[in-house]
Every structure is written in structure tokens, then in C-alpha cells.
Amino acid sequence: MDDGEREKALLTALTTEHYALQTSRAGTIAEATGRATIFLSVLSAALIGLGFVASNDKVVRPYLAAVLPTLVIIGVLTFLRLVETTVENSLDLRRIQRIRAYYQHRFAGEQDFFADAVMADDSMTRAWKLVGTTPGRWEFLLTTAALVGAVNAVLSGLGIALVAAAAGVGGALTILVGVLVALVAFGVQYVYIVRASAAPMR
């Protein structure tokens, strides 16, 4: 195979890879939206069910004892997968930008069609800026994973508060314990998001 044929084959492969990566990005976004929707739908159904049993003291406690742990488990599993899709999306974006940088270097010449994709430091910082996102730890608060993590934290705090109330703890202390548990739970999930996403950002 001569150089011309090799160049043509490489361009074909890169074009195919570019398309596959863009499809993969769309897939991760669709999956994240779907999983978050399912989780929030289950949560909404649980709240509707709570409305039906709230007036019956004999039923409401067993209902909450069964539903709250289920919601937390589903929420945690959803959260973990959403973090994975965030990382996968970042890796796909990085690979796409590297391919676009090759297009600019090899084929664009004096044109600047892909000039914004040139990544001399090969980092994700510039890649994310190209799609309108400001890289940084606070940016992770805007992810779908953080949204689900916040709901998980509230559910965890509520569950602990209900347990504390059932144990006879005072009202103010019950609220304080619930709030602290919720804050800690969200903090732990946020740190997990940052750490899991740190590798693709390098």
C-alpha cells in the first residue's frame, strides 16, 4: 500500500470513528436522560402512594420503611451509572477533538475550519471550552448525576430523620440530624463525581 492509499484509508477510518464517537456521545446523553427520568418517575409514584396512605397511621410507617430504602437503592444505582456516562461522554469528546485537530493539521491548509480543535496540551480543558462549558469542579454541580445525587441526599436525610423521630428524638434535633445527613450524603456523592471525572480531564 503506497502513501496515498494509506492516507485515504486513514481518512476513511477517522471519518468512521468520528461518526461512531458522535453517536456514542448522543447515546450517553440519551441514556442519562432516560435513567434520570425513570428514577424521578419512581419517586413521583412513591409520593403519590404516600398521599393515599398518609391518613392511616398503621400503614404509613411500613410503607415508608419499604419505599424509602428502595428509592435510595435505585437512586444510588442511577447515580453511579450517570457518573459513568459523564466520564464516557468526556472521553468521546476528547477523541473527537483529536480527530478534528488531525483534519486541521493534515487537510485544512490555510483554512480554519477545525483550528479551534488543535489541542497542543492534549487536555480536556480546551475541548470542553469548545462546546461552551467552563471546566471546573463547580461545573459538576450542573450534571444529571449531581441532580440525582441531591435527590438521594434528601431521601437519605429524610429516612434518618424518620428513624430518629421513631426513636423518640426531639423535633428540632431530628430536623438537624436529617439535614446533616443530607449534606454529608450529597458531599460524598459530589466528591465521587469529581474524582471519577478527574482522569478524562487531564
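Modeller: Before we start, a pocket here is an open set of grid points with protein on both sides within 12 Å along at least five of seven lines, and its lining residues have an atom within 4 Å of a point. Keep in mind that this is a predicted model.

Biologist: Thanks! Which residues lie nearest the centre of the second largest pocket?

Modeller: That pocket has a volume of about 360 Å³. Its lining counts 15 residues. Those nearest the centre are Leu64, Leu68, Gly159, Leu162 and Val163.

Biologist: Which element gives the most to the lining of the second largest pocket?

Modeller: The elements that contribute two or more residues to this lining are α2 (57–108) and α4 (144–166). With eight residues, the element that gives the most is α4.

Biologist: And by class, how many residues of that lining are nonpolar?

Modeller: Let's take the other classes before the one you asked for. The lining of the second largest pocket has two polar residues and one charged residue. The nonpolar count is twelve.

Biologist: Let's turn to the aromatic pairs. Is the pair of Phe79 and Tyr192 stacked or tilted?

Modeller: The structure holds two aromatic pairs. In the pair of Phe79 and Tyr192, the ring centres are 5.9 Å apart and the planes meet at 50°. Stacked needs planes under 30 degrees apart and edge-to-face over 60, so the rest count as tilted. At 50°, the pair of Phe79 and Tyr192 is therefore tilted.

Biologist: How many residues apart in sequence are the parts that this pair of Phe79 and Tyr192 ties together?

Modeller: Phe79 sits in helix α2, while Tyr192 belongs to helix α5 (residues 171–201). The pair therefore links parts whose separation in sequence is 113 residues.

Biologist: Is Phe79 buried or exposed?

Modeller: Buried means under 20% relative accessible area. Phe79 has 3% relative accessibility, so Phe79 is buried.

Biologist: What is the angle between the planes of Trp138 and Tyr190?

Modeller: Trp138 and Tyr190 form an aromatic pair with 6.4 Å centre to centre. This pair is stacked, and the angle between the planes is 25°.

Biologist: Where does Trp138 lie?

Modeller: Trp138 is exposed, with a relative accessible area of 67%, whereas Tyr190 counts as buried at 15%. Tyr190 lies in helix α5, and the pair ties together parts 52 residues apart in sequence. Trp138 itself lies in the loop between α3 (124–130) and α4.

Note on methods: Residues are numbered from 1 along each chain as its sequence is written. This is a predicted model: local features need pLDDT of at least 70, side-chain atom pairs count only at pLDDT 80 or more; totals for chains, interfaces and linings use all residues. Side-chain values use heavy atoms; hydrogens and water are left out. On a 1 Å grid over the protein atoms alone, a cavity is a set of points where a 1.4 Å probe fits but cannot get out, and a pocket is an open set with protein on both sides within 12 Å along at least five of seven lines; lining residues have an atom within 4 Å of a point. Grid points are joined across faces, edges and corners, and a volume is the space filled by probe spheres set on the points. Helices (H or I, at least four residues) and strands (E, at least two) are DSSP runs, numbered from the N terminus. Ala, Val, Leu, Ile, Met, Phe, Trp, Tyr, Cys and Pro count as nonpolar, Asp, Glu, Lys and Arg as charged, and the others, Gly among them, as polar. Rings of Phe, Tyr and Trp (its six-membered ring) pair if their centres lie within 6.5 Å; planes under 30 degrees apart count as stacked, over 60 as edge-to-face and the rest as tilted. Buried means under 20% relative accessible area, exposed over 50%, partly exposed in between (1.4 Å probe, protein chains only).
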